[in-house]
Amino acid sequence: MSAELVAELGPLWHERHQTRLASRQRKRAVGADAKHRLVFVDRLLATLVHLRHGATHDVLACWFGVDRSTITRAVGEVWPLLAERGRTVSPGVRLRTLAEVVDHLGSGGRTGIVGGTEIRVRRPAAGRKDRDKFISGKSRQNAVKTMVLTDGDGRVLWCSPTKPGSCADITHARQLGLVKLLADGPAMRILADAGYQGLGAQISGRVVTPPHRKFKGNAPTWYEEMYERQCKAHSS
């Protein structure tokens, strides 16, 4: 964790924290409450550890000697600041939105890679209306899904907000506006897995997916061999 990151995000966090305090009705003056046991640097560090290594809030609470709810609140306050800051891919170039990422890849003639990833979560509380939507059809577990876009070397350029696990990869991409951005943007190539096959037909040449399997059963030997070669070449 660099001093530059602390210096950049610290004032933003403090400003938003003061705005939240002043925006609600209070029985005591601002600053009269108990002092933070977790300073901003520790809040930032806890958030980075949670995002990078997946450490649970309970474990982080033990490490920092605070209550779990304090860690949960800290992560909820800091990670939006990190998302708004974006990712620096080269000196003077920082990407914050999906549109900026698409423009960056297209302007340099770079190849991108898109994929959906799932994270297992606890089962939503009983009575929640969309409780069943979190059940993933792939893993048969409660999960949330996010779409990740990287460059050809695998460097993460953008990560989407999460959706319930039942949301299909291609549906998520369309809801995020990826189709329109690719159709209206510069010529480029995005590699994707079979979950995005519909985009390959919708945006010809810009989204490359594995070949469709034309035979559901009793496929000729020559076709199976060709299909396996094409899938392996795309995967590699």
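This is a predicted model: local features need pLDDT of at least 70, side-chain atom pairs count only at pLDDT 80 or more; totals for chains, interfaces and linings use all residues.
View 1. Trp-158 is 71 residues away from Arg-87 along the chain, yet their C-alpha atoms are separated by 7.9 Å.

**View 2. Arg-155 pairs with Asp-151.** The partner is Asp-151, and the N to O distance is 2.9 Å. Arg-155 is partly exposed, at 35% relative accessible area. Asp-151 is buried, at 7%.

**View 3. Lys-145 and Glu-118 link strand 4 to strand 3.** The side chains of Lys-145 and Glu-118 form a salt bridge, with 3.8 Å from N to O. Lys-145 belongs to strand 4 (residues 143-151) and Glu-118 to strand 3 (residues 111-120), so the bridge ties together parts 27 residues apart in sequence. Is Lys-145 buried or partly exposed? Lys-145 counts as buried, because its relative accessibility is 7% and the cut-off for buried is under 20%. Glu-118, at 23%, counts as partly exposed.

**View 4. Arg-128 and Asp-130 form a salt bridge.** The closest N and O atoms of Arg-128 and Asp-130 are 2.6 Å apart. Both partners are partly exposed. Arg-128 has a relative accessibility of 44%, and Asp-130 has 22%. How many salt bridges does a search of the whole structure find? The search finds 8, and the Arg-128 bridge with Asp-130 is a salt bridge of this kind.

**View 5. Helix 2 crosses helix 4.** Helix 4 spans residues 68-85, and helix 2 spans residues 40-53. The axes of the two helices come within 9 Å and cross at roughly 80°. Helix 2 and helix 4 are therefore roughly perpendicular to each other. On helix 2, the contact is made by Phe-40, Arg-43, Leu-44, Ala-46, Thr-47, Leu-48, His-50 and Leu-51. On helix 4, it is made by Ile-71, Ala-74, Val-75, Glu-77, Val-78, Trp-79 and Leu-82. Which kinds of residue make up this contact of helix 2 with helix 4? The contact residues divide into 11 nonpolar, 2 polar and 2 charged.

**View 6. Helix 2 also meets helix 3.** Helix 3 spans residues 57-64. The axes of helix 2 and helix 3 come within 11 Å and cross at roughly 145°. This crossing is right-handed. Helix 2 contributes Asp-42, Leu-45, Ala-46, Val-49 and His-50 to the contact. Helix 3 contributes His-57, Leu-60, Trp-63 and Phe-64. By kind, the residues of this contact divide into 6 nonpolar, 2 polar and 1 charged. Ala-46 and His-50 of helix 2 take part here, and they also take part in the contact with helix 4.

How values were computed:
Residues are numbered from 1 along each chain as its sequence is written. Side-chain values use heavy atoms; hydrogens and water are left out. Axes are lines fitted to C-alpha atoms, for helices over the stretch in contact, and angles run from 0 to 180 degrees between N-to-C directions. Helices (H or I, at least four residues) and strands (E, at least two) are DSSP runs, numbered from the N terminus. A crossing is left-handed if the near helix is turned anticlockwise from the far one by less than a right angle, and right-handed if clockwise. Contact means heavy atoms within 4.5 Å. Ala, Val, Leu, Ile, Met, Phe, Trp, Tyr, Cys and Pro count as nonpolar, Asp, Glu, Lys and Arg as charged, and the others, Gly among them, as polar. A salt bridge is a side-chain nitrogen of Lys or Arg within 4 Å of a carboxyl oxygen of Asp or Glu. Buried means under 20% relative accessible area, exposed over 50%, partly exposed in between (1.4 Å probe, protein chains only). Angles under 35 degrees count as roughly parallel, over 145 as roughly antiparallel, 65 to 115 as roughly perpendicular and the rest as oblique.
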